[in-house]
Amino acid sequence: MIALSLSEIADIVDGELVGADVTIDGPVVIDSREAGPRGLFAAFVGEHVDGHDYVEAARERGAVAVLGSRATSLPTVIVADPQRALQRLASHVVGVLREADFLTVLAVTGSQGKTSTKDLLAAVLAAEAPTVATAGSYNNELGVPITALRATRETRFLLLEMGARGVGHLRELTDLIAPDVPIVLNVGTAHLGEFGSRDAIALAKSELVSGMAEGGIAILNADDPAVSAMAVLAPEDTFTFGTGADADVRVVNLRLDSRGRPSFRLHTGQGDADVSLRLVGAHQAMNAAAAAAAALIEGVPLETVVEALGQVTELSKWRMELTERDGITFLNDAYNANPESMRAGLDALATIGAADDVTRTVAVLGEMKELGAESEDAHRSVGAYAASIGIDSVVVIGEPARGTHDAFPGSVFLSTNDEAVDWLRGHLRTGDAVLFKASNGARLYEVAEALR
């Protein structure tokens, strides 16, 4: 964080300073295990845990002050609502850096692909200038300010992933930090049960555009009608990516290697370039195009964009992780799932299954959460899709995903992850390619890790 005295922080958040007026220029954290030298520990009182009980643990790791709701053994700024105070502090820091012309804020949202796109874009931007980006999928009302507070006077790009589980959520985030470059990837069915309808999802995602900063430019998916329609909300011109002729940054001649890694021609106003990704899945080409579009409008040279994209070997944890052991290919994409990303994962598995050294494809699938009344039909559609593209074997875990089992003839149904580990250990063999895919709450990554 930029250097601020604790008294300055107290003024910014309308808090009361108790203790010495120390200077903070280290990390601002809400987890004492992540505290660092000259840092600030924000102590929250939750349903089961009181952060104030961990002040000494934060001190041991270098924290010198606390933002909390009561006095502690460290100098403390006392506020009624530490979360709101943390947000106000982040807004202030970003404002200071913007006024000094140090910082451009980019933000990514979408029903799927936002973390992968953020990871790709972070790699491209970092190749050009100092960049701070969201860690993993820490994209909510706490993750956004914590990420923003990592920015310093050396930071050129602040890249935020912004998520929403309802209409108004993104508006709350853009009210804190309005992006100069909002990037909207798609409108799908993730969290349909919470939003209520796809129209509501589209409305929620559009808040990233309507809440953008003046003078910025929105990056929109030209292939998704619900996204391209958001152009009317942008105060300035928009810049688009896609596969159609009307996209400003266009993916053409897409092809996949034997492990499902895409190569394609990237057509841009700066010229054309060949891109070869080291990531798995045809859908990564569109994520890369979105990242390229954002980087190009920020002045990153095309050759830098292409080189950086080609050097990305892994994304945030449990997203299309490709490993091989004992002649078995494992594809762990178990961080999250919805019908669209399920099909993308199955497509990648089918592509890998066409390789000469792969004799059988096995999809290990769990529950897609938060789909509401559409859940049963959505799970059935996944099973039917797996059958339609020739997946050899499907293993379904958990009662909520039974529809997938019912729709795939001959599939195996297991009740728990432990049962799945035991069954798979006894049935996987050399030459298998195995996909693990489910919503994060299903913890299917534990099965993948146990087997790998």
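Reader: How much area is buried between domain 2 and domain 3?

Author: This is a predicted model, in which local features need pLDDT of at least 70 and side-chain atom pairs count only at pLDDT 80 or more, while totals for chains, interfaces and linings use all residues. Residues are numbered from 1 along each chain as its sequence is written, and side-chain values use heavy atoms, with hydrogens and water left out. Buried area is the accessible area (1.4 Å probe) that two parts lose on being put together, summed over both; carbon and sulfur atoms give 57% of it here, and the area between domain 2 and domain 3 is about 1400 Å².

Reader: Which three residues supply more than any other three of the area that domain 2 buries against domain 3?

Author: The domain assignment, which is automatic or from a database, places domain 2 at 102–311 and domain 3 at 321–451. Of the area that domain 2 buries against domain 3, 38% is supplied by T189, R259 and V280.

Reader: How many residues of domain 3 are in contact with domain 2?

Author: Contact means heavy atoms within 4.5 Å, and the C-alpha centres of the two domains lie 28 Å apart. By that criterion, 20 residues of domain 2 are in contact with domain 3, where the number of residues involved is 19.

Reader: Which residue forms a salt bridge with R165?

Author: A salt bridge is a side-chain nitrogen of Lys or Arg within 4 Å of a carboxyl oxygen of Asp or Glu, and the count between domain 2 and domain 3 is 3. For R165 the closest N and O atoms are 2.6 Å apart, and the partner is E370.

Reader: Which residues does the UniProt annotation "domain: Mur ligase C-terminal" cover?

Author: UniProt positions are given in the numbering used here, and annotations may be inferred rather than shown by experiment. According to that unreviewed entry, the annotation covers residues 319–439.
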